[in-house]
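Hi,

Here is the structure I said I'd pass along. Have a look at it first, and my notes follow below.

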Amino acid sequence: ITFNCDGKIMTVNPAAEAVLGLAREHVIEKGYEALFGSNNTVATLLGSAFVQKTETTRTECELIRQDGKNIWLGLTLSMLRNQAGTRIGSSLFLVDLTEQKTVQEQSELNKRLAMMGEISGWIAHEFRNYMGTIMGYTSLLSKEFERASPQYNMTRVIADELATMERLITDLLAYGKRPSLTLQRVLFSSLVEEVLEFFKTGSPDIQFSTAFEACEASIDSVLMRQAVSNLIRNGIQAMKGTNKEAILGVRI
């Protein structure tokens with residue numbers, strides 16, 4: 001885009017038309033405000049450069065086009081002179097940086113999300129340590145009360161809420177993640193028994209009876225432990241307030 005010494009638009013090439021989303025016939029011989037408006041970074045840059053007669057000015061800025069689309073521009077404003085060295089106007093070179101900025105912003109967002117994931121993992125680990133301590137003392141405390149007493153019921157409420165918090169933390173950390181499998185030979189009955197120990201401690205009013213066949217399998221023990229925990233937890237929640245039984249069968 002070229003301007004005369006008064007800041008009026010003299011020429012607009014097709015590339016500038018495409019970037020700015022306008023037709024040259026609508027802006028020729030008008031002031032630069034016809035292109036960019038009068039209250040934005042570009043207008044401020046041009047106005048200052050025309051007044052101060054700056055030789056070359058470069059900057060990047062965000063611009064809202066007349067059609068409402070947001071774009072990022074790289075701008076270079078240079079003074080135009082004739083062969084005698086007399087100033088005859090200015091030329092403005094535009095580079096559309098929108099796609100580049102989008103990729104850059106996405107990359108920065110991904111880095112921030114990765115950092116947040118690491119911080120969340122650390123916080124979750126610390127929370128689980130505290131929750132495990134509370135759960136242990138709650139279990140010990142519950143044994144001091146009669147099952148029909150209000151105090152016993154209070155300890156059960158605490159244990160239930162801790163179990164809910166554990167599930168929320170696990171679900172939040174797993175959300176949007178594609179887990180990578182770490183397979184190893186595991187005795188499945190031992191894994192299930194480890195999971196049951198947690199529920200036996202947190203749910204002393206529920207009786208668990210188990211029957212296992214000897215079975216080893218190549219599994220990710222962490223993810224399988226989580227899956228079994230979810231199944232048992234769902235069964236316990238479904239039985240609350242009833243004398244029903246829940247049967248969990250797993251075939252590998």
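Let's start with Arg 81, which is partly exposed because its relative accessible area is 41% (buried means under 20%, exposed over 50%, partly exposed in between, with a 1.4 Å probe and protein chains only). Before I go on: this is a predicted model, where local features need pLDDT of at least 70 and side-chain atom pairs count only at pLDDT 80 or more, while totals for chains, interfaces and linings use all residues. Residues are numbered from 1 along each chain as its sequence is written, and side-chain values use heavy atoms, with hydrogens and water left out.

Arg 81 sits in strand 4 (strands are DSSP runs of E, at least two residues, and helices are runs of H or I, at least four, numbered from the N terminus). Leaving aside residues up to four places away in sequence, Arg 81 touches Glu 55, Thr 86, Arg 87 and Ile 88 (contact means heavy atoms within 4.5 Å). The Arg 81 side chain also reaches the backbone oxygen of Gly 85 at 2.9 Å.

Now the salt bridges: the whole structure has five (a side-chain nitrogen of Lys or Arg within 4 Å of a carboxyl oxygen of Asp or Glu). One of them pairs Glu 60 with Lys 101, with the closest N and O atoms 3.2 Å apart. That pair links distant parts of the chain, with Glu 60 in strand 3 and Lys 101 in helix 4, 41 residues apart. Are the two partners buried or exposed? Glu 60 is partly exposed at 46%, whereas Lys 101 counts as buried because its relative accessibility is 17%.

Glu 194 and Arg 225 form another salt bridge, at 2.8 Å from N to O. Glu 194 is partly exposed at 47%, and Arg 225 is partly exposed at 29%.

A search of the whole structure finds one cavity of 30 Å³ or more (on a 1 Å grid over the protein atoms alone, a set of points where a 1.4 Å probe fits but cannot get out; lining residues have an atom within 4 Å of a point). Its lining includes Phe 50, Leu 77, Met 79 and Arg 87. Helix 3, strand 4 and strand 5 each supply at least two of the lining residues.

Cheers

Terms used
1 Å grid on protein atoms, 1.4 Å probe; cavity = no way out; pocket = protein on both sides within 12 Å on 5 of 7 lines; lining within 4 Å. Points joined across faces, edges and corners; volume = space filled by probe spheres on them. Polar contact = N/O pair within 3.5 Å; in protein donor to acceptor, adjacent residues only side chain to side chain.
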